[in-house]
Amino acid sequence: MEQSNVKAYHFEDYPQLQNLTLPEWSHLKADHADYFTEELIKILKQDNAIPNQ
């Protein structure tokens, strides 16, 4: 990531993204997927990675 000069995000770096249920180990439960997306958007906006409108 450093060589690419891009931002990277990992769910373990954010307490609100930890402890979500992955029923078949590759996808989140539907309600957890919605929550994950909402929280990820908040993180990206706070980091100015996407516009905060």
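I took helices (H or I, at least four residues) and strands (E, at least two) as DSSP runs, numbered from the N terminus. On that basis N19 sits in the segment before α1.

The model is predicted, so I kept local features to pLDDT of at least 70 and side-chain atom pairs to pLDDT 80 or more, while totals for chains, interfaces and linings use all residues. Residues are numbered from 1 along each chain as its sequence is written, and side-chain values use heavy atoms, with hydrogens and water left out.

**Helix α1**

I checked the length of α1 against its residue count.

Next I asked which residues of α1 are buried. I call a residue buried under 20% relative accessible area, exposed over 50% and partly exposed in between (1.4 Å probe, protein chains only). H32, E39, I43 and L44 are the buried ones in α1. Viewed down the axis of α1, its buried residues fall within an arc of 140°, so they line one face of the helix. The arc is taken from the directions from the helix axis to the C-beta atoms.

**Salt bridges**

My criterion was a side-chain nitrogen of Lys or Arg within 4 Å of a carboxyl oxygen of Asp or Glu. How many salt bridges does this rule give? The count is two.

One joins D47 to K7, with the closest N and O atoms 3.9 Å apart. This pair links distant parts of the chain: D47 is in the segment after α1 (30-46), K7 is in the segment before α1, and they are 40 residues apart. D47 is partly exposed at 33% relative accessibility. K7 is partly exposed at 48%.

The side chains of E39 and K42 also form a salt bridge, 3.0 Å from N to O. E39 and K42 are three residues apart in α1, so about one helical turn separates them. E39 is buried at 12% relative accessibility, whereas K42 is partly exposed at 45%.

**Largest pocket**

I searched a 1 Å grid over the protein atoms alone: a pocket is an open set of points with protein on both sides within 12 Å along at least five of seven lines, and lining residues have an atom within 4 Å of a point. The largest pocket holds about 210 Å³ of space. That volume is the space filled by probe spheres set on the points, with grid points joined across faces, edges and corners.

Its lining includes Y9, N19, F36 and L40. Y9 lies in the segment before α1 and is partly exposed at 28% relative accessibility. Y9 and L40 are 31 residues apart in sequence, yet 9.1 Å apart in space, C-alpha to C-alpha.

What classes make up the lining of the largest pocket? I found eight nonpolar, three polar and no charged residues. Here Ala, Val, Leu, Ile, Met, Phe, Trp, Tyr, Cys and Pro count as nonpolar, Asp, Glu, Lys and Arg as charged, and the others, Gly among them, as polar.

**Positive phi**

Most residues other than glycine have a negative phi. N19 is exposed at 75% relative accessibility.

W25 has a phi near 70°. W25 also lies in the segment before α1 and is exposed at 78%. Just after α1, N48 takes a positive phi of about 60°.

Note on methods: 1 Å grid on protein atoms, 1.4 Å probe; cavity = no way out; pocket = protein on both sides within 12 Å on 5 of 7 lines; lining within 4 Å.
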